[in-house]
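Thanks for coming. Please look at the sequence and the model on the screen, and I will go through a few places in it.

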Amino acid sequence: MVRRHVFRADGTTTIMTVNEFSKKGNFLGILNAWKTVKQAIAAGTILALPQVFLITMVFGQGKRLSPFTQALGKRKSAFPTLYRVGPHPFDYLNLAEACSFYSNAMVDYLCGTGFHGVLVRWGDEILIPESPWPRASFRDVDVVRFVGQPKLDPQTAREKEWLAVSKTTGHVEAHFPRQDLERVRSRIAGMEQTHYLGVNLGSLALSYDFLESAMTVFGDDVESPERWLDADPYLWVGLLAREANQWLAQEQYEAQSGLLGLRSLYARYPDFMQRMAELRRSSESRSGRRLAIAALDFGNPLWVDMGLACSSQKGTRSCQ
């Protein structure tokens with residue numbers, strides 16, 4: 001029933017479930033899903049890749065939605081919405097299904113831009129752009145990052161990651177992890193005339209060629225039970241840091257601020273920047289052009305993150 005309501009009325013959509021048997025992080029998790037899809041094609045389970053297909057990541061125990069998620073097997077994405085799709089008392093879309101439902105317009109738009117690859121969504125959120133997207137061409141794009149443009153204030157700067165987007169090309173040229181407002185402003189000093197700042201909305205699209213390049217660099221790590229790697233923020237900071245001083249600025253900031261993100265990353269990947277350079281070279285060799293990371297601008301979107309629906313403040317819980 002859900003397959004027909006969320007995707008195609010004729011029920012012909014192919015749905016695969018991909019398990020992770022050890023912690024992978026979202027980037028290696030995406031590669032694990034890609035590996036499984038390729039195996040299904042090789043086995044004849046799937047005849048061919050579509051122009052764009054959807055990966056919905058449904059991990060997370062939902063601790064901030066306690067005690068409701070305990071009744072759902074500690075599965076945040078199984079949390080029910082008020083979107084009723086059938087005649088029975090419990091025929092409501094859960095978060096993962098609602099996320100997939102509202103991803104259809106994104107898949108359709110990416111297909112219209114000439115993009116070939118995977119749309120990756122987090123299964124605990126609903127994301128709808130402020131206005132229709134203009135016509136664009138993503139045919140020669142490796143990665144599409146989803147950005148919004150909320151007001152730049154101290155709280156938002158601390159809680160969100162920022163992307164510097166070229167006003168001319170629409171490509172992302174810098175990624176700034178969460179940091180205080182003055183630090184964000186100092187990092188973009190001199191770029192205001194040529195770039196705008198967008199908030200990282202998390203979801204993204206990866207081309208098939210980029211995924212293949214990533215597998216050449218991280219394929220062994222997908223198989224390793226000890227390895228895990230998230231995409232945000234350091235993968236993008238590293239890929240965009242073509243000059244050593246760009247990465248050094250992040251190292252210096254974290255050292256001065258007592259942050260432990262890079263220290264944890266280096267403990268698992270002491271050769272991280274060499275890997276980023278290898279991934280960039282592999283992608284550019286495969287495409288025959290410079291790595292292109294485009295921004296899909298949602299403006300001031302409707303962004304419903306159910307993981308943030310309840311928050312604890314001074315020992316009390318408030319629902320927003």
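Where is Pro233 found? Pro233 sits in the loop that runs between helix 7, residues 208-223, and helix 8, residues 234-240. Keep in mind that this is a predicted model. The peptide bond joining Asp232 to Pro233 is cis, with an omega of about -5 degrees.

Now to helix 7 and its partner. Helix 2, which covers residues 25-42, packs with helix 7 at an angle of about 105 degrees, and their axes are 9 Å apart. Angles from 65 to 115 degrees count as roughly perpendicular, so helix 2 is roughly perpendicular to helix 7. On the side of helix 2, the residues making the contact include Phe27, Leu28, Ile30, Leu31 and Trp34. From helix 7 the contact residues include Tyr208, Phe210, Leu211, Met215 and Phe218. The residues of this contact divide into 12 nonpolar, one polar and five charged.

Next, Ser207. Which element holds Ser207? Ser207 is in strand 9, residues 195-207. Is Ser207 buried or exposed? Its relative accessible area is 6%, and under 20% counts as buried, so Ser207 is buried. Leaving aside neighbours within four places in sequence, Ser207 is in contact with Phe115, His116, Gly117, Val141 and Asp142. The side chain of Ser207 also reaches the backbone nitrogen of Phe210, at 3.0 Å.

The last stop is the loop between strand 1, residues 52-57, and strand 2, residues 80-84, where we find Gly60. Which residues is Gly60 in contact with, once neighbours within four places in sequence are left aside? They are Lys74, Arg75 and Lys76. Gly60 and Lys76 are 16 residues apart along the chain, and their C-alpha atoms are separated by 5.6 Å. Gly60 has a relative accessible area of 36%. That value falls between the 20% and 50% cut-offs, so Gly60 is partly exposed.

Lys74 lies in the loop between strand 1 and strand 2 as well. At 47% relative accessibility, Lys74 counts as partly exposed. Lys74 has a positive phi, about 55 degrees, although it is not a glycine.

That is the tour.

Technical notes. Residues numbered from 1 in each chain as written. Predicted model: local features only at pLDDT ≥ 70, side-chain atom pairs only at ≥ 80, totals over all residues. Heavy atoms only, no water. Helix = DSSP H or I, 4+ residues; strand = E, 2+ residues; numbered from the N terminus. Buried < 20%, exposed > 50% of the residue type's maximum accessible area, 1.4 Å probe, protein only. Contact = heavy atoms within 4.5 Å. Polar contact = N/O pair within 3.5 Å; in protein donor to acceptor, adjacent residues only side chain to side chain. Axes fitted to C-alpha atoms, helices over the stretch in contact; angles between N-to-C directions. Parallel < 35°, antiparallel > 145°, perpendicular 65-115°, else oblique. Nonpolar A, V, L, I, M, F, W, Y, C, P; charged D, E, K, R; others polar.
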